[in-house]
Amino acid sequence: MIRFDNVTKVYGNDVLALERVSMEIGQGEFVFLVGASGSGKSTVVRLILKEIEPSAGTVYVNGRRLSAIPRRQIPRHRRSIGCVFQDFKLLPNKTAAENVAYAMEVTGQRRRAIRTKVPQILELVGLANKMDKYPDQLSGGEQQRVSIARAFVSQPPILIADEPTGNLDPETSVGIMQLLHRINRIGTTVLVATHDKEMVDVMRKRVIALEDGRIVRDRVKGAYLDEV
Ligand code: ADP
Ligand code: ADP
């Protein structure tokens, strides 16, 4: 599903962001990618999205070598990956339902599909009664639920969340993680980049740890700081 084969990324002439990273994330897995700020988590995410190219090594997503995907197919590649961000990135002048609907419209989905799908997905994330609220009328946790609904509405095989709980209090964060877990159980591969230690520890999921651009741990049911 996602495979890194000896991937090195150097920004500019001398910023070594990733060094010979090899990892494999199978279909349906739930994986935390942890590490301090600057350890290379965002670089991994941006490589998977093909926003940047590796300096050496190969990245495979959904069975395809990303370097073999022509430019015109990049949008389709990105649509196969739902993305959730720390700062939600909702459109402020659209309601929760409109934010989700808009994501379907821009990918050319039919009006009728949108009309049935949007309420279903907002129900799934626990926001059936807040569909017509604008982002500034919603709490941080509710806004993150809208952004997860938006990322998941077309049921991409992969969902990537970059610090999804970074702006949320611990209790709200637990709810968001449970939601990501539920989406994972439906069959979606979920990759969560985070330095939210408590969250990683309670979830007991696979943890891949980065330090200075290198994988230093990969545990099946890990904690943030497992003894080596
Ligand atoms: P994280 O997401 O874990 O904070 P990043 O992948 O953003 O780590 O960064 C890894 C390293 O690469 C850091 O040293 C960072 O400063 C550097 N870096 C990231 N993006 C760029 C860029 N566009 N240009 C130069 N250096 C970058
Ligand atoms: P994150 O919080 O995910 O680590 P950052 O705040 O480090 O992200 O980086 C935000 C943006 O700035 C990213 O697009 C990243 O690639 C870029 N960036 C990070 N570090 C550097 C750097 N040293 N030089 C240039 N761009 C950078």
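**Close-up views of a predicted model**

**View 1. Helix α1 lies across β1, β2 and β4.** Helix α1 spans residues 41–48 and runs at about 115 degrees to β1. Axes are lines fitted to C-alpha atoms, for helices over the stretch in contact (heavy atoms within 4.5 Å). Angles run from 0 to 180 degrees between N-to-C directions. Helices (H or I, at least four residues) and strands (E, at least two) are DSSP runs, numbered from the N terminus. The model is predicted: local features need pLDDT of at least 70, side-chain atom pairs count only at pLDDT 80 or more, and totals for chains, interfaces and linings use all residues. Residues are numbered from 1 along each chain as its sequence is written, and side-chain values use heavy atoms, without hydrogens and water.

**View 2. Four strands form an open sheet.** The order is β2-β1-β4-β5, with antiparallel pairing (two strands pair if DSSP finds at least two bridges between them). β2 (15–25) and β5 (64–65) are the edge strands, each with a single partner, so one side of each lacks a neighbour in the sheet.

**View 3. Strands β1 and β4 pair in the antiparallel sense.** Five bridges join β1 (residues 2–11) to β4 (residues 56–61). Phe 4 has Val 59 of β4 as its bridge partner.

**View 4. Helix α5 packs against helix α6.** α5 (residues 140–152) and α6 (residues 170–185) meet at an angle of about 15 degrees, their axes 10 Å apart. α5 is therefore roughly parallel to α6 (angles under 35 degrees). From α5, Gly 141, Gln 144, Arg 145, Ile 148 and Phe 152 make the contact. α6 contributes Thr 172, Gly 175, Ile 176, Leu 179, Leu 180 and Ile 183.

Key
Chains are lettered from A and ligands numbered from 1 in the order in which they are written. Angles under 35 degrees count as roughly parallel, over 145 as roughly antiparallel, 65 to 115 as roughly perpendicular and the rest as oblique.
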